[in-house]
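Hi,

Here is the structure I promised to pass on. Have a look at it first, and my notes on what turned up follow below.

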Amino acid sequence: MSQPALTRRSAEITAAAAVWRRGGLVAFPTETVYGLGADATNEQALARIFAAKGRPADHPLIVHLASSAELPRWARDIPPVAWPLAARFWPGPLTLIFRRAPGVSDLVTGGQDTVALRVPGHPLALALLSAFGGGIAAPSANRFGRVSPTLAAHVVAEFGTVVDCIIDDGPCAVGLESTILDLTGPLPRVLRPGAVSRSALGEILGTAPEIGGAGAPRAPGRLASHYVPDTPLRLVTDAAAELAGRSALPEDKPVAVLALRTPLAPPPNCRWVGMPNDPEHYGQQLYARLREIDSWDCALVLVERPPTADGWEAVHDRLTRASGSPGR
Ligand code: TXA
Ligand code: MG
């Protein structure tokens, strides 16, 4: 978004910051997904996030900051490697986990001694954060366990009038939630894969970090059945072959297919959705396509497994969770 475009929206930005200051909820776009934001120092406002989402109180929130200069206000014992990571990836789709600074609310941290921080790479989000002048706690703007919103219309469908203000800036560019990197253990660990790949992190860390691991802090994005669409989702190798042996599939409702290849003649009673064959565009469209498929009232959605090449890790992670199978 250009500077003149931001200037045109300055009244909206000022109004949203005022809503935050009086303890309200503002849904706003980030480069990953839309967030449901509240003043991270206002416990009543934070409680409203949990109530709106139906989210268990022990599940921590990410605090969004306008710049890495604000890190020390929220984190203590900041490891030196945080600074080159911030310089390389912020603003952008990376969340870093630190030891929390004194005074950071238990509602933000889920009662843990750690805090998640991120500087989002969306000009409007940054303008909102600067206008507010503090940390904004913002989970994805969806009810607990549902796929994240990548359009303002998705936020309206999730929350209607429950939020005080929804800022619309069209589709999110990344479409999948940020990479979460935990810097509080002996070795950095990825708790949630995202657009910042492990190999990109490895360029700063020296070696690519491992995913998850025993004793990892609570992160609902890591629950096996998080990110669930309404329509049952099954991961398959070859959707056309599955449909050819249809006896196992229900006949009354159509079956949706999400695949990289599109057959010349899709099987009958099947709604075939062609997906981009690069991970960036696939990830950008995935949640919107799943919501669209939900609106079709299909019996099932068959998703053909995308390639396992580098760059597809976040897509595989979300698809595996959406299918309800742990994968790891
Ligand atoms: O891309 C994103 O990160 C989006 C946008 C809005 O910024 N936000 C987002 O928030 O995905 P949410 O609440 O839907 O997911 C945040 C994840 C959760 O899995 C949460 O458990 C984890 O971050 N998390 C937050 N604080 C944590 C902490 N202290 N330790 C471990 N995980 C934490
Ligand atoms: Mg979420």
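**The largest pocket**

The lining of the largest pocket is made up of 12 nonpolar, nine polar and four charged residues (Ala, Val, Leu, Ile, Met, Phe, Trp, Tyr, Cys and Pro count as nonpolar, Asp, Glu, Lys and Arg as charged, and the others, Gly among them, as polar). Before going on, note that this is a predicted model, where local features need pLDDT of at least 70 and side-chain atom pairs count only at pLDDT 80 or more, while totals for chains, interfaces and linings use all residues. Residues are numbered from 1 along each chain as its sequence is written, chains are lettered from A and ligands numbered from 1 in the order in which they are written, and side-chain values use heavy atoms, with hydrogens and water left out.

The space in that pocket comes to about 430 Å³. (A pocket is an open set of points on a 1 Å grid over the protein atoms alone, where a 1.4 Å probe fits, with protein on both sides within 12 Å along at least five of seven lines; lining residues have an atom within 4 Å of a point. The volume is the space filled by probe spheres set on the points, joined across faces, edges and corners.) Of its 25 lining residues, Gly194, Ala195, Gly311, Trp312 and Ala314 are the closest to the centre. Two or more lining residues each come from α9 (198-205), α11 and α12 (helices are DSSP runs of H or I, at least four residues, and strands runs of E, at least two, numbered from the N terminus).

**Helix pairs**

α11 (residues 279-295) and α12 (residues 313-322) have axes that come within 9 Å and cross at roughly 30° (axes are lines fitted to C-alpha atoms, for helices over the stretch in contact, and angles run from 0 to 180 degrees between N-to-C directions). α11 and α12 are therefore roughly parallel (under 35 degrees; over 145 is roughly antiparallel, 65 to 115 roughly perpendicular, and the rest oblique). Pro279, Tyr282, Gly283, Leu286 and Tyr287 in α11 touch Val315, Arg318 and Leu319 in α12 (contact means heavy atoms within 4.5 Å).

The axes of α5 (residues 82-89) and α9 also come within 9 Å, crossing at roughly 130°, which makes α5 oblique to α9. Here Pro84, Leu85, Arg88 and Phe89 of α5 meet Ala200, Leu201, Ile204 and Leu205 of α9; by class that is seven nonpolar, no polar and one charged.

Most residues other than glycine have a negative phi, and most peptide bonds are trans. The Trp90 to Pro91 bond is cis, with omega near -5°, and Pro91 sits in the loop between α5 and β5 (94-100). Asp77 has a positive phi, near 50°.
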